[in-house]
Amino acid sequence: MQKNIFANKLFMILAILFFTCSLSHAGEKKIINFITETELLKSTSVNITLADAKDLLSQSFPHWAVTTNGEHGNVDIRLTLTADNYTLQHTPPLENYSISQAPSAGGATLIISGKTPQAITYGIYALLSEKLCFRFYHPKNTYVPIYEDWPLKARFTFAGEPLFASRGF
């Protein structure tokens with residue numbers, strides 16, 4: 001009798017291990033990877049926005065990993081500053097941004113560019129709201145769509161600026 005109980009327990013443990021291993025190797029996780037320069041990460045607004053965007057994307061793409069400066073992802077999102085110091089010091093606030101996507105080996109590459117770190121921040125939130133259909137009703141009430149695959153068409157270009165002249169509290 002004890003041999004029978006032991007055999008049943010051993011069978012259950014082996015079945016659980018086999019099932020778990022087969023699921024973990026069934027398909028590697030897809031990756032959304034933010035690529036940015038270390039200098040841009042020194043900006044508080046970009047750092048906070050990047051952490052928020054990664055959290056939201058992790059909720060929206062539950063079977064994907066979201067990384068920063070990791071290996072090549074299925075979707076790479078490059079954050080790029082386009083202004084030099086002279087331009088930044090001698091022009092009014094530059095908050096316009098542009099977002100473009102093109103196919104790449106194994107997925108897509110998006111480029112979010114702006115002349116200031118704040119413009120990059122606006123571009124990240126524009127990607128979430130204008131292209132991926134997130135809805136920001138209140139800081140504690142955000143609609144997060146759920147996706148299995150990257151939903152954006154292969155190529156697009158989108159440019160914008162903040163909707164309000166005055167922001168913040």
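At 1.5 Å a residue, the 15 residues of helix α5 should span 21 Å, and its end C-alpha atoms are 20 Å apart, which agrees. The expected span here is 1.5 Å times one less than the number of residues. This is a predicted model, in which local features need pLDDT of at least 70, side-chain atom pairs count only at pLDDT 80 or more, and totals for chains, interfaces and linings use all residues. Residues are numbered from 1 along each chain as its sequence is written, and side-chain values use heavy atoms, with hydrogens and water left out.

**The chain as a whole**

The chain holds five helices and eight strands. Helices (H or I, at least four residues) and strands (E, at least two) are DSSP runs, numbered from the N terminus. Along the sequence their pattern reads α-β-α-α-β-β-α-β-β-α-β-β-β. Of the 169 residues in the chain, 30% are buried. Buried means under 20% relative accessible area, exposed means over 50%, and partly exposed lies in between (1.4 Å probe, protein chains only). Contact means heavy atoms within 4.5 Å. Among contacts with a separation of 6 or more, 72% join residues 24 or more positions apart.

**Helix α5 and its partner α3**

Two packed helices are described by the angle between their axes and the distance between the axes. Helix α3 covers residues 44-60 and helix α5 covers residues 117-131. They pack at an angle of about 15 degrees, with their axes 9 Å apart. Axes are lines fitted to C-alpha atoms, for helices over the stretch in contact, and angles run from 0 to 180 degrees between N-to-C directions. α3 and α5 are therefore roughly parallel to each other. Angles under 35 degrees count as roughly parallel, over 145 as roughly antiparallel, 65 to 115 as roughly perpendicular and the rest as oblique.

α3 passes α5 in a left-handed crossing. A crossing is left-handed if the near helix is turned anticlockwise from the far one by less than a right angle, and right-handed if clockwise.

Which residues of α3 and α5 meet? From α3 come S45, V46, T49, D52, A53, L56 and L57. From α5 come P117, Q118, I120, T121, I124, Y125 and L128. By class, this contact has nine nonpolar, four polar and one charged residues. Ala, Val, Leu, Ile, Met, Phe, Trp, Tyr, Cys and Pro count as nonpolar, Asp, Glu, Lys and Arg as charged, and the others, Gly among them, as polar.

The buried residues of α5 are A119, I120, T121, Y122, G123, I124, A126, L127, L128 and S129. T121 sits in this helix. Leaving out residues up to four places away in sequence, T121 touches S45, V46 and T49.

**Strand β4**

Y97 lies in strand β4, which runs over residues 97-104. Y97 and I120 are 23 residues apart in sequence and 6.5 Å apart in space, C-alpha to C-alpha. Beyond four places in sequence, Y97 touches S113, A119, Y122, G123, A126, F158, A159, G160, E161 and P162.

Q101 is also in β4. Neighbours within four places aside, Q101 is in contact with A108, T109, L110, W150, L152, K153, A154, R155 and F156.

**Loop residues**

N74 is found in the loop between β2 (64-68) and β3 (75-81). N74 and P103 are 29 residues apart along the chain, and their C-alpha atoms are separated by 10.0 Å. Apart from neighbours within four places, N74 contacts K29, K30, I31, W64, G106, G107 and A108.

N69 is in the loop between β2 and β3. Its phi is positive, about 50 degrees, although N69 is not a glycine. C133 lies in the loop between α5 and β6 (135-138). C133 has a positive phi of about 70 degrees, and C133 is not a glycine either.

**Accessibility of the residues discussed**

| Residue | Relative accessible area | Class |
|---|---|---|
| Y97 | 9% | Y97 buried |
| Q101 | 5% | Q101 buried |
| T121 | 5% | T121 buried |
| N74 | 25% | N74 partly exposed |
| N69 | 37% | N69 partly exposed |
| C133 | 35% | C133 partly exposed |
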